[in-house]
Amino acid sequence: MPRLVIAAPSSGSGKTTVATGLMAAFAGRGLAVSPHKVGPDYIDPGYHALATGRPGRNLDAYLCGPELVAPLFAHGARGCDLAVVEGVMGLFDGASGQGELASTAHVAKLLRAPVVLVVDASSQARSVAALVHGFASFDPEVRLAGVILNKVGSERHEELLREALDEAGVPVFGALRRGGEVATPSRHLGLVPVAERGAEAVAAVAAMAELVRVGCDLDALYAVARSAPSLVGAAWDAAEVLGGSLPEPAPSLNRGSAPDPGPRTPDGQNRPPALDVTDGMDEPRPVVALAGGAAFTFSYAEHSELLRAAGADVVAFDPLRDEQLPDRTRALVIGGGFPEVYASELSANEPLRKAVGELARSGAPVVAECAGLLYLARSLDGQPMCGVLDTDARMSQRLTLGYRDAVAVSDSVLAANGTRVRGHEFHRTVVEPGAGASPAWGITRPERRVEGFVQDGVHASYLHVHWAAVPQAARRIVAQATEAARATEGVTPS
């Protein structure tokens with residue numbers, strides 16, 4: 001698999017513009033491009049998905065463990081001509097206090113992939129050679145194949161930069177002019193997601209592709225990608241990790257029924273009808289409703305794949321537009337997003353709030369992470385929400401960000417008591433109280449505390465967990481959803 005890792009000396013150097021532009025430019029040449037992102041971030045993969053037409057997938061050595069990085073990469077890249085991996089922060093920046101763990105350099109070594117460094121050259125000339133030399137020599141196991149210069153001021157400036165790097169023996173694969181940056185608006189948690197920008201996001205990705213096409217040597221970059229050595233080992237497979245193959249959904253239901261981390265269409269609307277399909281079994285597969293649309297833009301692609309492999313049909317719905325849950329919903333998963341931006345609209349959709357509350361009170365499995373936690377609260381910034389949890393949410397000036405080690409302190413639909421996980425928090429909101437009578441997790445690192453809520457079939461928490469590391473979570477959800485379906489529909493198992 002030809003592959004490239006796009007890294008930088010620090011955040012703000014232009015990694016997302018270059019990586020997304022490369023993905024779109026190569027896709028424009030007719031290549032099937034597999035997009036990946038180092039770390040837990042879910043906004044950049046939305047732009048990657050728009051650039052390539054494939055789900056943007058995360059590669060996180062902290063959340064999933066180093067041993068899963070290559071298998072998950074191979075799974076996402078299956079059938080593609082090229083894989084482009086966007087790094088996180090600076091090349092060697094990883095989990096705090098954990099050395100190289102989860103850094104871009106760590107993932108590049110696990111993938112045996114060449115690295116292209118995006119350098120903000122706006123305030124330097126010959127010094128660029130010393131900077132790049134430092135990054136090239138810091139870890140001999142990381143193959144720095146060359147650089148792409150960003151924010152170059154003029155032709156003369158580019159000549160000085162190229163001369164310096166030529167003396168240092170470092171190839172230059174491109175130079176992007178200052179002022180050619182593509183507008184990608186940000187707010188309290190980073191870039192505005194693709195699903196909220198519609199046609200603007202499409203235009204931005206097209207502009208990134210053109211910027212890279214004009215400023216970079218795509219042939220040379222593809223040659224570097226092809227020089228990557230073979231990866232050894234099998235690709236990750238949802239059915240295999242769950243203990244064997246299970247029937248797939250009927251094709252008519254499977255088309256678009258589960259949202260990618262980046263929506264298939266710019267506005268994020270992609271809801272097919274739920275069908276009563278038995279797939280040759282004695283009873284219908286339970287429907288797991290997955291929140292999507294502009295307010296709930298985040299779900300790792302592997303989550304839907306695990307739920308389907310465990311025996312469920314996954315159907316997307318939009319809490320901003322849909323007044324009812326999908327037909328035959330027996331479980332609900334609400335991932336991350338920005339409900340705080342859409343609090344009034346979510347509150348105004350009273351029929352859906354009522355339906356969610358009724359489902360939760362029935363004992364059906366409901367799993368909510370971060371944004372989902374806010375939606376299940378009594379209120380969000382004073383606006384009534386679903387009222388499933390006895391807590392109120394509000395915006396805060398404080399950013400909560402970082403990896404967490406945690407242990408389940410209550411039996412829940414997601415995890416058995418005592419299950420240890422690694423997760424990630426990223427929010428500017430607080431809920432008061434922050435934990436229920438039966439908390440979801442005990443955080444063990446970096447600080448010790450309990451957080452989240454477990455009640456009946458509900459598991460709600462700020463913690464984002466990647467289910468590829470704990471695939472039994474999908475099995476538990478679907479098993480409980482199946483029981484809910486049997487109780488509701490009066491189906492007697494054979």
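Modeller: On a 1 Å grid over the protein atoms alone, a cavity is a set of points where a 1.4 Å probe fits but cannot get out, while a pocket is an open set with protein on both sides within 12 Å along at least five of seven lines, and a lining residue has an atom within 4 Å of a point. Points are joined across faces, edges and corners, and a volume is the space filled by probe spheres set on them. This is a predicted model, in which local features need pLDDT of at least 70 and side-chain atom pairs count only at pLDDT 80 or more, whereas totals for chains, interfaces and linings use all residues. Residues are numbered from 1 along each chain as its sequence is written, and side-chain values use heavy atoms, with hydrogens and water left out.

Biologist: OK, how many cavities of 30 Å³ or more are there?

Modeller: The search of the whole structure finds 3 of them, and the largest cavity has a volume of about 80 Å³. It is lined by 13 residues, of which Ser299, His303, Val333, Gly335 and Glu369 are the closest to its centre.

Biologist: Which strand gives the most to that lining?

Modeller: Strand 13 does, with 3 residues, and both strand 12 (329-334) and strand 13 (366-369) supply at least two; strands (E, at least two residues) and helices (H or I, at least four) are DSSP runs numbered from the N terminus.

Biologist: And what about the largest pocket, how much space lies in it?

Modeller: About 1000 Å³, with 39 lining residues, among which Ser11, Asp41, Val88, Met89 and Phe426 lie nearest the centre of the pocket. Strand 16 gives the most to this lining, with 5 residues, while helix 1 (15-28), strand 9 (190-191) and strand 17 are among the other elements that each supply at least two.

Biologist: Changing topic: how many salt bridges does the structure hold?

Modeller: There are 25, where a salt bridge is a side-chain nitrogen of Lys or Arg within 4 Å of a carboxyl oxygen of Asp or Glu. In one of them, Glu141 pairs with Lys109, and their closest N and O atoms are 3.8 Å apart. Glu141 lies in the loop between helix 5 (127-138) and strand 6 (144-152) and Lys109 in helix 4, so this pair ties together parts that are 32 residues apart in sequence.

Biologist: Is Glu141 buried or exposed?

Modeller: Glu141 is exposed, because its relative accessible area is 61%; buried means under 20%, exposed over 50% and partly exposed in between, with a 1.4 Å probe and protein chains only.

Biologist: What about Arg177 and Glu158, how do their side chains meet?

Modeller: They form a salt bridge of 2.8 Å, N to O. Since Arg177 lies in strand 7 (residues 172-177) and Glu158 in helix 6 (residues 155-167), the pair ties together parts 19 residues apart in sequence. Arg177 counts as partly exposed at 31% relative accessibility, whereas Glu158 counts as buried at 16%.

Biologist: And where do Arg394 and Glu432 sit?

Modeller: The side chains of Arg394 and Glu432 meet in a salt bridge of 2.9 Å, N to O, and this pair links distant parts of the chain, with Arg394 in strand 16 (residues 392-408) and Glu432 in strand 17 (residues 420-432), 38 residues apart. Arg394 is partly exposed at 37% relative accessibility, and Glu432 is partly exposed at 45%.
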